[in-house]
Amino acid sequence: MISYEFDYTRPDTVEAALDLLDDDSKILAGGHSLIPALKLRLSAPGKLIDIARIPSLKGIKMDGNELVIGAAATHSDILESDLIKQHLPMFAEGAALIGDPMIRHKGTLGGSLAHADPSADWPAMVLAAEGTVVVQSKTGTRSISSDDFFTGFYSTALESGEIITEIRFPIPAEGTKMTYQKFVQPASRFAIVGCAALRHPDGTARVAFTGVADAPFRDTAVENAVGDWSEEALEAAVALTAQGMEFNVDHYASETYRHHLARVYCRKALKALLY
Amino acid sequence: MAKITVKVNGKVYSHEVEPRLLLAHYLREVLSLTGTHIGCDTSSCGSCTIHLDGQSVKSCSMLAVQADGCEITTIEGLAPSGSELHPLQEGFKECHGLQCGFCTTGMIMSAADFLQSNPDPSEEQIRHALEGNFCRCTGYHNIVKSVQWAAQKMKEDKAVTA
Ligand SMILES: Cc1cc2nc3c(=O)[nH]c(=O)nc-3n(C[C@H](O)[C@H](O)[C@H](O)COP(=O)(O)OP(=O)(O)OC[C@H]3O[C@@H](n4cnc5c(N)ncnc54)[C@H](O)[C@@H]3O)c2cc1C
Ligand code: FES
Ligand code: FES
């Protein structure tokens, strides 16, 4: 399959990329969502701006009490990072479940968040880990809490003319436990349902889902119900999973089956956080 | 048009290409390296797998311009210099790891990347590592055996040279 014609540029800096970015152009990172779409001629940008090799967008580092992942860090960069294994082990656990090794070598965290596929894995993990998406435009930078970032079906709070530069996470306190549990669609490898959950040492939780609805979401009803993490409390929390949500329905899973899976994966995630 | 320079199997090439040209098409049609196959053309089957700067990638889902300045290895360049076959190629031959052979070059390129960092893999690790490669013929068992055979051979070769 051959896409429509387009021009291609590969600027060295975010500023140069922003100068080139207009309504007729698209950012290219790993290309593993964009290139398939171009090949299907679902999109016809006049120009691609390749940011995958911009040095300031790569890398994973500590900055004060935050862990910072560059937007162009690949899934496999994250999977292999010692900082991630130490502070956000759920990200290594989850990255290993994305696609296959070849996809992980190209696909990026920033690309996945910007694309906001309703079945993508990172959105749930970024929500549970309290991520902040940092974006830059010609007029400056702004930080968007992950709670406000995902706005609907393939939609985000990103505005035209903005590039995601990094995603920042508070470093979890000693004793925090976290996990990502995914029911994989065996052909595409995307999540039919994915649940990311984090338990702070004080017993409070953050629980987020992907695959369940049009957009990933935090389930505050579940978070509030975990209480003392007793068997009964957890069952009560699981029963509240995705209450009142409008479910994704496709040929893989009906509404009833998806709701069932969401509860099962919620239970798996919460149980993985018991001491 | 855009100018790209790439090093493929140790040889440097420069070409003017259309930005929309896929890397798989560049390798097959411009460089005539037809060992890289195109099975699904939708980033699913892995038959187009090559190494880009040492990492396995699906060349049907990359543009040739994205590879500008990079080093590429295809199945044609996998065997170490001086040998006709890479241990994985030998392993697939020894263990009947192929039937029609369409998936084989991609399987071998994926397995080669995997074995670089996992010289002593379990069966489960091999199966997990080959998740992005589909085979319509073999049922996978002999592919796994072929990779195990190659891992063993590579260990023995290493012990001899050490
Ligand atoms: C076979 C296959 C299996 C997959 N399996 C999974 C899976 O199991 N789970 C999963 O979560 N994903 C999966 N993916 C998707 C994969 O992870 C993508 O790589 C990812 O969603 C997009 O990242 P990218 O870097 O490739 O983005 P690109 O394809 O380059 O870009 C995607 C979109 O984001 C925009 N964009 C990219 N970077 C930025 C930025 N920094 N700032 C602003 N906009 C930006 C682009 O303009 C484009 O609109 C799979 C993909 C394939 C092909
Ligand atoms: S041809 Fe590239 S993945 Fe199938
Ligand atoms: S041997 Fe025929 S597809 Fe694998």
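Please keep in mind that the model is predicted. Chain A and chain B bury about 2400 Å² between them, and four salt bridges are counted between the two chains. Within chain B, helix H2 (residues 87–94) packs against helix H5 (residues 141–161), and the axis of H2(B) also comes within 10 Å of that of helix H3 (residues 104–117).

**Where chain A meets chain B**

- Chain A brings 32 residues to the contact, and chain B brings 32 residues too.
- Carbon and sulfur atoms give 55% of the area buried between the chains, which is about 2400 Å².

**Salt bridges**

- Over all chains, the structure holds 23 salt bridges, and the count between chain A and chain B is four.
- One to look up in the structure pairs the side chains of Asp68(B) and Arg10(A), at 3.0 Å from N to O. Asp68(B) sits in the loop between strand S4 (55–58) and strand S5 (71–73) of chain B, while Arg10(A) sits in the loop between strand S1 (7–9) and helix H1 (14–20) of chain A, so this pair joins two chains.
- Another salt bridge links the side chains of Asp41(B) and Lys39(A), with 2.7 Å from N to O.

**H2(B) against H5(B)**

- The axes of H2(B) and H5(B) are 8 Å apart, and the helices pack at an angle of about 135°. The two are therefore oblique to each other.
- The crossing of H2(B) past H5(B) is right-handed.
- On the H2(B) side, the contact is made by Pro87(B), Leu88(B), Glu90(B), Gly91(B), Phe92(B) and Glu94(B). Their partners in H5(B) include Trp149(B), Lys153(B), Met154(B) and Asp157(B).
- Sorted by class, this contact of H2(B) with H5(B) has eight nonpolar, two polar and four charged residues.

**H2(B) against H3(B)**

- The axes of H2(B) and H3(B) cross at roughly 125° and come within 10 Å. That angle makes H2(B) oblique to H3(B).
- H2(B) passes H3(B) in a right-handed crossing.
- From H2(B), the residues Leu88(B), Gln89(B) and Phe92(B) take part, meeting Thr104(B), Met107(B), Ile108(B), Ala111(B), Ala112(B) and Leu115(B) in H3(B).
- In the contact of H2(B) with H3(B), seven residues are nonpolar, two are polar and none is charged.

Terms used. Residues are numbered from 1 along each chain as its sequence is written. Chains are lettered from A and ligands numbered from 1 in the order in which they are written. This is a predicted model: local features need pLDDT of at least 70, side-chain atom pairs count only at pLDDT 80 or more; totals for chains, interfaces and linings use all residues. Side-chain values use heavy atoms; hydrogens and water are left out. Axes are lines fitted to C-alpha atoms, for helices over the stretch in contact, and angles run from 0 to 180 degrees between N-to-C directions. Helices (H or I, at least four residues) and strands (E, at least two) are DSSP runs, numbered from the N terminus. Angles under 35 degrees count as roughly parallel, over 145 as roughly antiparallel, 65 to 115 as roughly perpendicular and the rest as oblique. A crossing is left-handed if the near helix is turned anticlockwise from the far one by less than a right angle, and right-handed if clockwise. Contact means heavy atoms within 4.5 Å. Ala, Val, Leu, Ile, Met, Phe, Trp, Tyr, Cys and Pro count as nonpolar, Asp, Glu, Lys and Arg as charged, and the others, Gly among them, as polar. Buried area is the accessible area (1.4 Å probe) that two parts lose on being put together, summed over both.
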